[in-house]
Amino acid sequence: MAPDSGDIWHSNPFPLSPVVRLGPSADLGNVPVEAADSGNATIGTPTTVELTRLVDDYLGSRPTGGRRGRVIALVGEFGLGKSHALRKVYADLGRLPDPLAMWIMDEPVQDMGRMYRDRLRGPGDTPQGKRAFEELVRNYYAYATANRVDTQGSDARLGALGEIAAGLRGGSLDPDKVVSALRYDPEVIHADLRRTLGEVTEHRRFATALALLQDPSFNRMVWDWLNGGEPAEPLRERGITEAIGPAAGQGGHEDAAGIDRVFDTLAVQAVLHGRVGKPYALLIDSLEKVLEWRDEHRRTFMDAFERLVNIYASRGGLLVFCVSPSGLGELRQSVHERLVQLWPSGFDERLTGELVAAYVHAGRGDGGGPRGPAPDGSAGPFDAEALRLLHELTDGVPREVLKTCRQAWQLVEDKDRLDGGGGAVRDVPAARVLQAVRDLHEGVARRQVETDVRTALDIGQWRIASRDPVPARLSAPPGGREEVLHWLSPAPNAHLAVILTRSVLVADDAERIAAQVHSLRSAVRPGRCEVLLVVNGHVSQAMQDRLARAIGSRPLVYRQGGFAERADKALRKLDGRLADGRREEGLVQLGERMRRDLEQQTAELAELRRAMASWTPEPRPRALPAAADERRTPSPGAPASVLVESPPEPEPAAPDLPGPVRRRFQEALAVLDTVTRRVAGTAVKRRITATSAELGVLGCATLVRALTENFRGSVAAWHRAAVPGAPTERQWGELRRICREYESAVEVLPVHLLGNPGPPHPLTAARTVEVLAEEVWGTLSGAAP
């Protein structure tokens, strides 16, 4: 795709504002404005191909019993070409040999009456459309008359009446003449129309208006009313007392009433077309605008839109609308079930090149209408590297591609003029594409971004560090592209750095930022520093993913409107990550400390084993009387067996704790003491050295007992400090932390080796300590008022 060096361009073929409108409107008038439209080139994307197939299938379907309706939703974010695809449908339908009735809604507005009068384009906008609609009403009237004729089954002229009914349905007979000849009451025929329309609207004035449309003396009045005007006096006398939409300048509940009236009108016209088997279409752009309305009007619109979707789907209509993903989410499930969803996506590199080539080719043409890709596939002055960058930096979003191409082209053209040329463009290199992206996305002054960052700090009341934790050369490296705006200290020895940078476009930019972030984290302390990278400019989705992997957090791209709130939310998430890291680090340290204590206990028990191996027991003394033996304190020289068999000293009371909590601690400690006595007693009774397994159990039991005593002391201290009767939320959080730390400490120890303490205890020793923290928390929190 390298440009031919002999080619020279003198006119920028890319649109100034790449926004598509469905057709002429009050904003643009009827005169095409080239710079305000991006529809002069069409690329065959998977979305447009599938959309064309669906529309062709709708037009070609003529099953028995009527045409199948179809509702299609083009769903996606802005700039992906939804409106362009919708306008292609509009253009294709307009070129049909037998044009179908079609209504165009550029975008919904809250004043639906004004939109209906000024912007909703339908069959009544042209003389041809009016004649076609009058013929439709006439055909419907003929159908109703034929149905009336068919009911005269007992008439002697049955054969002749059957021929008359067939002639009415075939369009060869005039229904007025048939009514007159058979002396039918026209009101009976009109009643059929009102009865049918009553299925979709409560306003019978439509039946009256459509019946009067065939009367030359009322024709113009009815059209004025159908086009949104106030009803004339003769229509008021016949029950048509209100305009379809409220008068201009009215608001409040009238706006909601206007929404219903406009949709009633569209529904009535859909019923007429569907009854006689004629295809008809409604195209709506930017349906998500409804989300900006007040709740009452938004609900009214959604209710009316759902009714219209049901009518189009069940009565043979074609409804195609564009909507954002958030707007689609607001539609009810019943609407989703009737939709065919098409989701446009960003172009791949091939389609991006075709889009650029098509506009360059169209710029060289005669301006005679939409163009496709260039015949030779050339992208003109854009070389292969420029096209690659265009695709990467814009994520293939067509609107962004066109904006960037126009800006890059203009840069080359302006430079040629500065050099004394006439604005000739021979090539648009990759460097100009990079410059164009920066010019388009770095329009906000750095000072404004800094102001919004400070607003975010005010919202969250973030504490700024009293001093920078790193040397100045790391916070503001040479070159001035990235700078730490603020060092935040949400907790002791923990820091959040807010870094501001320009657009991140190429790999060198990302690597430079990653190197700086790694230097900051190394200088502070691993695991104690998180970074919020604020980008004042552009960064593609692929580059955002790359930065997230490199620095550990996704960059926050500056966009006006709600930035301070988004920045505060991002900082809170990073602060939570720091808190999680501190807790994990604390648990690791606790585990290391417990392992060291266990090793020390094992060494002490090994020393005890050696002492026991060298000890020779003395003859057992005579048994003391039972009354005196139970409470006697053994002498220092008493045998070990006596020491083991003696009951333990009672646990000291914990008067600061409630009774149930105090008893749970006493039970847990008693269980651990029972385990210790059982293992030690077994070894002594065997009169041999305790095994390594037994010493391990003794060490584990001893360590768990120490942890349990510390846990009891922490809970008692918490209970003394808590607000009497009503601990604060922060105090409850502190108690949860104390309980979690005990649970985590028990989890890393081999408590499953402790075994069963004996019949008096319903739980194993392991289960007793594993549920202790949960029981303490449940008891204390359950006692709160």
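Trainee: Which helix is Phe206 found in?

Mentor: Phe206 is found in helix H8, which covers residues 205-212. Keep in mind as we go that this is a predicted model.

Trainee: Is Phe206 buried or exposed?

Mentor: Buried means under 20% relative accessible area. Phe206 has 2% relative accessibility, so Phe206 counts as buried.

Trainee: Happy to zoom out now. How many helices and strands does the protein chain have?

Mentor: The protein chain has 30 helices and nine strands. Of its 785 residues, 45% are buried. Sequence separation is worth a look too: among contacts between residues at least 6 apart in sequence, 70% join residues at least 24 apart.

Trainee: What span should helix H2 have, and what do its end C-alpha atoms show?

Mentor: The expected span is 1.5 Å times one less than the number of residues. For the 13 residues of H2 (residues 82-94) that should be 18 Å, and the end C-alpha atoms are 19 Å apart, which agrees.

Trainee: Which residues of H2 are buried, and what do they pack against?

Mentor: The buried residues are Lys82, Ser83, His84, Ala85, Leu86, Arg87, Val89 and Leu93. Their packing partners are helix H1 (46-60) together with strands S1 (70-75), S2 (101-105), S3 (280-284) and S4 (318-323).

Trainee: Let's turn to helix pairs. At what angle do H16 and H18 pack?

Mentor: Angles under 35 degrees count as roughly parallel. Helix H16 (residues 384-394) packs with H18 at an angle of about 25°, their axes 8 Å apart. H16 and H18 are therefore roughly parallel to each other. In this pair, Glu385, Ala386, Leu389, Leu390 and Leu393 of H16 meet Ala430, Val433, Leu434 and Val437 of H18. By class, that contact has eight nonpolar residues, no polar ones and one charged.

Trainee: And how do H17 and H18 pack, by angle and axes?

Mentor: Helix H17 (residues 398-418) and helix H18 (residues 430-441) pack at about 110°, with axes 8 Å apart. That makes H17 roughly perpendicular to H18. The crossing of H17 past H18 is right-handed.

Trainee: What classes of residue make up the contact of H17 with H18?

Mentor: Start with who meets whom. From H17 come residues including Glu400, Lys403, Gln407 and Leu411, and from H18 residues including Arg432, Gln435, Asp439 and His441. By class, the contact divides into seven nonpolar, four polar and five charged residues.

Key
Residues numbered from 1 in each chain as written. Predicted model: local features only at pLDDT ≥ 70, side-chain atom pairs only at ≥ 80, totals over all residues. Heavy atoms only, no water. Helix = DSSP H or I, 4+ residues; strand = E, 2+ residues; numbered from the N terminus. Buried < 20%, exposed > 50% of the residue type's maximum accessible area, 1.4 Å probe, protein only. Contact = heavy atoms within 4.5 Å. Axes fitted to C-alpha atoms, helices over the stretch in contact; angles between N-to-C directions. Parallel < 35°, antiparallel > 145°, perpendicular 65-115°, else oblique. Left-handed = near helix turned anticlockwise from the far one by under 90°. Nonpolar A, V, L, I, M, F, W, Y, C, P; charged D, E, K, R; others polar.
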